[in-house]
Amino acid sequence: MAVNEYIHIKDCQPGRKNIYADFIALEKLDQAIQTKDGKAIVLMRVADVTASINLALFEQLAEEVRPGDILRLKGGYATEYRKINTLYVGTHGTVERIGRFMMAYVEEPYLSAPPPPPP
């Protein structure tokens with residue numbers, strides 16, 4: 001991948017680093033994750049024209065992002081958290097609002113869907 005090449009959500013597989021992507025925020029999920037140092041991480045479902053995925057946001061940033069915001073992620077990474085594919089901003093990454101409401105997207109495939117139960 002070339003430096004700063006934007007990708008689609010469908011390409012955000014676990015282990016992918018230095019992710020640059022544009023997507024729309026769909027909804028804040030009910031579950032919040034507590035870090036070891038007591039900070040809250042809020043999960044938000046985001047989507048583009050190829051798929052949707054959970055995006056993990058720290059408290060302050062999570063308060064600023066609203067459903068319908070069009071966001072640009074720079075320097076993110078994807079990994080599995082509790083067997084669920086999740087997109088993270090990263091230590092040196094950024095998320096910025098670049099618009100509101102006007103973006104085509106699909107909700108399926110949902111890359112953060114829980115795995116099916118074992119047979």
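Q: Which residue has a side chain joined to that of Asp 69 by a polar contact of 2.3 Å?
A: This is a predicted model, in which local features need pLDDT of at least 70 and side-chain atom pairs count only at pLDDT 80 or more, while totals for chains, interfaces and linings use all residues. Residues are numbered from 1 along each chain as its sequence is written, and side-chain values use heavy atoms, with hydrogens and water left out. A polar contact is a pair of N or O atoms within 3.5 Å; within protein, one must be able to donate a hydrogen and the other to accept it, and residues adjacent in sequence count only if both atoms are side-chain atoms. The side chain of Asp 69 makes such a contact, at 2.3 Å, with that of Arg 100.

Q: Is Asp 69 buried or exposed?
A: Asp 69 belongs to strand β4, residues 69-81; strands (E, at least two residues) are DSSP runs, numbered from the N terminus. Contact means heavy atoms within 4.5 Å, and beyond four places in sequence Asp 69 touches residues including Phe 23, Glu 64, Arg 97 and Arg 100. Buried means under 20% relative accessible area, exposed over 50%, and partly exposed in between, with a 1.4 Å probe and protein chains only. Because its relative accessibility is 0%, Asp 69 counts as buried.

Q: Which residue takes a positive phi in the hairpin of β4 and β5?
A: Within this strand pair, the bridge partner of Tyr 77 is Tyr 88 in β5. Two residues lie between the strands of the hairpin, and the one with a positive phi, near 55°, is Arg 82.

Q: Which residue has its backbone oxygen 2.8 Å from a polar atom of the Arg 45 side chain?
A: Arg 45 is in strand β2, residues 40-47, and is buried because its relative accessible area is 9%. Leaving aside neighbours within four places in sequence, its contacts include Ile 24, Asn 54, Glu 108 and Tyr 110. The backbone oxygen at 2.8 Å from its side chain belongs to Glu 107.

Q: What distance separates the C-alpha atoms of Cys 12 and Phe 23?
A: Cys 12 is found in the segment before β1 and counts as buried because its relative accessibility is 0%. Phe 23 has Leu 71 in β4 as its bridge partner. Cys 12 and Phe 23 are 11 residues apart along the chain, and their C-alpha atoms are separated by 12 Å.

Q: Which element gives the most to the lining of the largest pocket?
A: On a 1 Å grid over the protein atoms alone, a pocket is an open set of points where a 1.4 Å probe fits, with protein on both sides within 12 Å along at least five of seven lines; lining residues have an atom within 4 Å of a point. The largest pocket is lined by 13 residues, with Gln 31, Leu 43, Asn 54, Tyr 81 and Ile 84 nearest its centre. Two or more of the lining residues come from each of β1 (19-34) and β5 (84-88). The element that gives the most, with four residues, is β1.

Notes: Pairing = 2+ DSSP bridges.
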